[in-house]
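Here is a protein chain to explore by question and answer. Keep the structure in view as you read.

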Amino acid sequence: MVIGVFSDPEPSHYKAPPPYGAQPKYIEIPHCAKNTTKSWCLEDSEYPQHEVQQALDQHYQAVVAFYKDKLANTENSVDELDKLNDEVYLCPSSTDYVRPFRAINVDGKWRTIVNGVESYGIKYTQTARIEECDVVVGTTCPLVPSCYESKCIQKNIFHRFLVYNPKDYTFPFAIEKFKLPGSCGCVVGAFHL
């Protein structure tokens, strides 16, 4: 005699666990990125501040276990300089310290970065130093003599950020990698007469 029990894997009375507050609608490109060519947003009117705070409150111990905001010591990029203007850059660039709310990760997907949210007295901030070329990438380096082949290139660096994923009900946080502009370099080639 064979006895079997069959059941619907998702019975009609089953409901998924409730999400953290009203969930933002995730589209390919967030509203904050519509009018920019950058791969990050420094302002975001649709940032899910309340939802992130609720999730941080609920998962406080686990988040604190792997979250750290390190301060950068950036007085000079080269030891033993007396003044910042002692440094010479072959390609002009602009340096900034940013705290993005959203950015494109290394997999090409927009993510919500935990930034500017407070939970249990801890303000979660994540800062990245970026440096972008002030010239069109690929143009000749302004300070290199014309007898050399040269071109300005944008170099990138990888940053790790704590991100919020409202679709993960068990633990909606992860550390993901993001590629941001790190420096503007000059590549010098062969000498030509």
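Predicted model: local features only at pLDDT ≥ 70, side-chain atom pairs only at ≥ 80, totals over all residues.

Q: How many salt bridges does the structure hold?
A: Side chains of opposite charge can pair when their charged atoms come close. A nitrogen of Lys or Arg must lie within 4 Å of a carboxyl oxygen of Asp or Glu. By that rule, the number of salt bridges in the structure is four.

Q: How far apart in sequence are the parts that Asp 44 and Arg 102 tie together?
A: Asp 44 and Arg 102 form a salt bridge, with the closest N and O atoms 2.3 Å apart. Asp 44 lies in the loop between strand 1 (40–41) and helix 1, while Arg 102 lies in strand 3 (residues 102–104). So the pair ties together parts whose separation in sequence is 58 residues.

Q: Is Asp 44 buried or exposed?
A: The cut-off for buried is under 20% relative accessible area. Asp 44 has a relative accessible area of 13%. Its partner in the salt bridge, Arg 102, has 6% and counts as buried. With its 13%, Asp 44 is likewise buried.

Q: Which strand holds the salt-bridge partner of Arg 111?
A: Arg 111 lies in strand 4 (residues 110–113). Its salt bridge is with Glu 176, and the closest N and O atoms are 3.1 Å apart. The pair ties together parts that are 65 residues apart in sequence. Glu 176 lies in strand 9.

Q: What is the relative accessible area of the residue that forms a salt bridge with Arg 129?
A: Arg 129 forms a salt bridge with Glu 131, and the closest N and O atoms are 3.2 Å apart. Arg 129 is partly exposed, at 31%. Glu 131 is buried, with a relative accessible area of 6%.

Q: Over how many bridges do strand 8 and strand 9 pair?
A: Strand 8 (residues 148–164) pairs with strand 4 in the antiparallel sense, over two bridges. There, Ile 113 stands opposite Val 163. Strand 8 also pairs with strand 9 in the antiparallel sense. In that pairing, Lys 151 has Val 187 as its bridge partner. The number of bridges between strand 8 and strand 9 is 16.

Q: Which residue of the aromatic cluster counts as partly exposed?
A: Tyr 164, Phe 171 and Phe 173 form one aromatic cluster. Tyr 164 counts as buried at 2% relative accessibility, and Phe 173 counts as buried at 5%. The rings of Phe 171 and Phe 173 form an edge-to-face pair, with centres 5.7 Å apart and planes at 65 degrees. At 22%, the partly exposed residue is Phe 171.

Q: Where is Val 88?
A: Val 88, Leu 90 and Leu 143 form a nonpolar patch on the surface, with about 290 Å² of accessible area together. Val 88 is exposed, with a relative accessible area of 64%. Its place is in the loop between helix 2 (60–66) and strand 2 (93–98).

Q: What is the distance in space between Ala 55 and Ser 119, C-alpha to C-alpha?
A: Ala 55 sits in helix 1 (residues 49–58). Ala 55 is buried, with a relative accessible area of 0%. In sequence, Ala 55 and Ser 119 are 64 residues apart. In space, their C-alpha to C-alpha distance is 9.3 Å.

Q: What is the phi of Tyr 120?
A: Most residues other than glycine have a negative phi. Tyr 120 lies in the loop between strand 5 (117–119) and strand 6 (122–124), and is exposed at 57%. Tyr 120 is not a glycine, yet its phi is positive, at about 50 degrees.

Technical notes: Residues numbered from 1 in each chain as written. Heavy atoms only, no water. Buried < 20%, exposed > 50% of the residue type's maximum accessible area, 1.4 Å probe, protein only. Phe/Tyr/Trp six-rings, centres within 6.5 Å; stacked < 30°, edge-to-face > 60°. Patch = residues over 30% accessible without salt bridge, like charges linked within 9 Å, V, L, I, M, F, W, Y side chains within 5 Å. Areas by Shrake-Rupley, 256 points an atom, 1.4 Å probe, with all protein chains shown as cover. Salt bridge = Lys/Arg side-chain N within 4 Å of Asp/Glu carboxyl O. Helix = DSSP H or I, 4+ residues; strand = E, 2+ residues; numbered from the N terminus. Pairing = 2+ DSSP bridges.
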